[in-house]
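Here is a short briefing to read with the structure open beside you. Please take a moment to look it over, then follow the points below.

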Amino acid sequence: MPRVAVIRFPGTNGDLDVVHALKNVVRVNTELVWYDDYRHGTYDAVVVPGGFSYGDWLRAGAIAARSRAMKEIIMDAEGGMPVLGICNGFQILVEAGLLPGALLPNDPPRFITKWVWVRVNDSKTPFTKVYEPNEVVSMPIAHGEGRYFIDNVDEARVAFTYFGENPNGSVASIAGVANYGGNVLGLMPHPERSAESVLAPRRFMPGGLKLWLSLRESLSGGW
């Protein structure tokens, strides 16, 4: 049975939500792994959850990106293993060079926590394969440095864009990007907090559920 690692860095706070979504909602064999214990070649997929790794010192994700654990994850990613970064995890993957661009302080410069609508621009990754092309779903966001920027938007493989409202000033309303191969994906919205109907407020939907279903299906049948 495929095994998924959920990485806990000092300051991570979304790890248990991700473990719950994977283990209890979509029934995937999942392990919570302390970052220093991670070894490449051990798992079939890895999730780097949100939070405030190392207190966001220097820049959000900058210290975690230079850990030995990320060197191990980079080796797995280069071998084609699915790697997902959520919020601070997205920032870590960008800082580590696994994804292009940068994540800057929000515009306007304040912490934002709310539910938003996002469009699925790329349904050909292991994390988006069961979404319909251009499907619009809702997920919550909670971040202060989520403004995605890249010099040339054409160089980004855009997986998600904000729909109807660009809450943080991201270039081209980008909410998530994948690497060239599609096996590494980062996004600012939280699919683990929108994996069940009971979590969605009125007028919104559990738009993160299909991301976890996509991963489960990809691990068993490819993508």
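Glu31 and Arg3 join through their side chains in a salt bridge, with N to O at 2.6 Å. Glu31 belongs to strand 2 (residues 29–34) and Arg3 to strand 1 (residues 3–8), so this pair ties together parts that are 28 residues apart in sequence. Please keep in mind that this is a predicted model.

**The Glu31 and Arg3 pair**

- Glu31 is partly exposed, and its relative accessible area is 27%.
- Arg3 is likewise partly exposed, with a relative accessible area of 27%.

**Other salt bridges**

- The count of salt bridges comes to eleven.
- Arg8 and Asp15 form one of them through their side chains, at 2.4 Å from N to O.
- Within that pair, Arg8 is partly exposed at a relative accessible area of 30%, whereas Asp15 is buried at 3%.
- Asp122 forms a salt bridge with Arg157, and their closest N and O atoms are 2.5 Å apart.
- Asp122 sits in the loop between strand 6 (112–120) and strand 7 (136–143), while Arg157 is in strand 9 (residues 157–162), so the pair ties together parts that are 35 residues apart in sequence.
- Asp122 is buried, since its relative accessible area is 10% and buried means under 20%.

- An open sheet is formed by nine strands, in the order 2-1-3-4-11-10-9-6-7, and the pairing is mixed.
- Strand 2 and strand 7 are the edge strands, each pairing on one side only.
- From one strand to the next, the twist averages 25 degrees.
- In general, the strands of a sheet pair through backbone hydrogen bonds, either parallel or antiparallel.
- Strand 9 and strand 10 (residues 174–178) run antiparallel and are joined by four bridges.
- Val158 has Val177 as its bridge partner in strand 10.

**A helix on the sheet**

- Helix 3 (residues 88–95) packs on the sheet, where it touches strand 3 (45–48), strand 4 (83–86), strand 10 and strand 11 (184–187).
- The direction of helix 3 makes about 120 degrees with that of strand 4.

Definitions and conventions: Residues are numbered from 1 along each chain as its sequence is written. This is a predicted model: local features need pLDDT of at least 70, side-chain atom pairs count only at pLDDT 80 or more; totals for chains, interfaces and linings use all residues. Side-chain values use heavy atoms; hydrogens and water are left out. A salt bridge is a side-chain nitrogen of Lys or Arg within 4 Å of a carboxyl oxygen of Asp or Glu. Helices (H or I, at least four residues) and strands (E, at least two) are DSSP runs, numbered from the N terminus. Buried means under 20% relative accessible area, exposed over 50%, partly exposed in between (1.4 Å probe, protein chains only). Two strands pair if DSSP finds at least two bridges between them. Axes are lines fitted to C-alpha atoms, for helices over the stretch in contact, and angles run from 0 to 180 degrees between N-to-C directions. Contact means heavy atoms within 4.5 Å.
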